[in-house]
Amino acid sequence: MARKGRAKSDSKKPPERGSQRSARRNEQQRGATIHEFPAARREAEEPKAPYPPQHQPKPGLESEIEPRPRYESPQYRSSGKLEGKVALITGGDSGIGRAVAVLYAKEGADVAIVYLPQEQSDAEETERAIRDEGSESLLIAGDVTDPEFCRWAVQQVLQEFGKIDVLVNNAAFQQHQPGIEDIDEEQWDRTFRTNIYGYFHMVKAALPHMESGCAIVNTGSITGLIGSKHLLDYSATKGAIHAFTKSLAQNLVEKGIRVNCVAPGPVWTPLNIADQPPEKVAHHGKKVPMERAAQPEEIAPAYVFFASEADSSYVTGEVLTLLGGETTAG
């Protein structure tokens, strides 16, 4: 299912997009020195473990997590870095994907998101957040393990927006298990088909429609760098994503298409709520130096950096770690 969402039209002035806000500030500053009072700091600190014990059936809904993951990035100041761009984000309904969609919209991009049908309510909240930033949105429900769906999803974006400038591969599946003897072939296959086959399928489908200046951003993980004894299959796929990123970057550099990867540590998202038992969820992220999981809005700016030619035109093949104070992964 694909559904389009446009910015609301009424008698009020439409929301300013990134370049409009930047132009307005420049106009105000001509011929005068303006000293702006520093932006207010966030009133509440980021939530720290222990969190309320909780668990959801897969794939999990962000709307039912307590406390709610933060994705609106109120302190972020846009500058039109993605004005006129079109982004396609898998796993864009919630978690990191939602936060990235919102920041891309703040920076002026129109955004299509791919998500599982069970995540429809989360996807609609993301759609509203994109529209609130003055950008257009497209919702595409389906499963990236199916190559036919991936090709169809890309066609929906092309029909709606006419191009794809940024592809974000972010959809993921994970399931903790005590040991390798507890991982059956079905789980192993599902993890690989979602986490690495899905990335391959989306790149294959989108690449013929991308040109010099476009960008691919993959979501890796700290587990792909140092491993995780209870996430054998997930860690293996994330390591594969890191290698895929570097190899694809080498393959596409002559075409002017940059390929990079963001590899976070623990993040407060439905992926983990729907995976671990309540007592484990309560302490998610406790072991990193900051003693908490990252909020999605803290991870999303890295995706803007990799998507923006203004920021990263000389950067490709990189795996950027965001680890809450850990310093040994790289």
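Predicted model: local features only at pLDDT ≥ 70, side-chain atom pairs only at ≥ 80, totals over all residues.
Trainee: Which residues in α10 does α2 meet?

Mentor: The α2 side of this contact consists of Gly95, Ile96, Ala99, Val100, Leu103 and Tyr104. The residues of the contact of α2 with α10 divide into twelve nonpolar, one polar and one charged.

Trainee: Is α2 roughly parallel to α3, or roughly antiparallel?

Mentor: The axes of α2 and helix α3 (residues 120–132) come within 9 Å, and they cross at roughly 20 degrees. An angle under 35 degrees counts as roughly parallel. That makes the orientation of α2 to α3 roughly parallel.

Trainee: How many residues in the contact of α2 with α3 are charged?

Mentor: Arg98, Ala101, Val102 and Ala105 in α2 meet Asp122, Glu125, Thr126, Ala129 and Ile130 in α3. Of the residues in this contact, five are nonpolar and one is polar. The number of charged residues is three.

Trainee: Over the ring of which residue does the charged end of Arg98 sit?

Mentor: Arg98 belongs to the α2 side of the contact with α3. Its charged end lies 4.8 Å from the centre of a ring. That ring belongs to Tyr71.

Trainee: Over the ring of which residue does the charged end of Lys58 sit?

Mentor: The charged end of Lys58 is 5.0 Å from the centre of the ring in question. The residue that carries this ring is Phe173.

Trainee: At what angle do α5 and α7 pack?

Mentor: Helix α5 (residues 185–206) and helix α7 (residues 232–252) have their axes 9 Å apart. These two helices are roughly parallel to each other, and α5 passes α7 in a right-handed crossing. The packing angle is about 15 degrees.

Trainee: How many residues of the contact of α5 with α7 are nonpolar?

Mentor: The α5 residues in this contact include Trp188, Phe192, Ile196 and Phe200, and those in α7 include Tyr234, Ile241, Phe244 and Leu248. Four residues of the contact are polar and two are charged. The nonpolar residues number twelve.

Technical notes
Residues numbered from 1 in each chain as written. Heavy atoms only, no water. Contact = heavy atoms within 4.5 Å. Helix = DSSP H or I, 4+ residues; strand = E, 2+ residues; numbered from the N terminus. Nonpolar A, V, L, I, M, F, W, Y, C, P; charged D, E, K, R; others polar. Lys NZ or Arg CZ within 6 Å of the ring centre and 35° of its normal. Axes fitted to C-alpha atoms, helices over the stretch in contact; angles between N-to-C directions. Parallel < 35°, antiparallel > 145°, perpendicular 65-115°, else oblique. Left-handed = near helix turned anticlockwise from the far one by under 90°.
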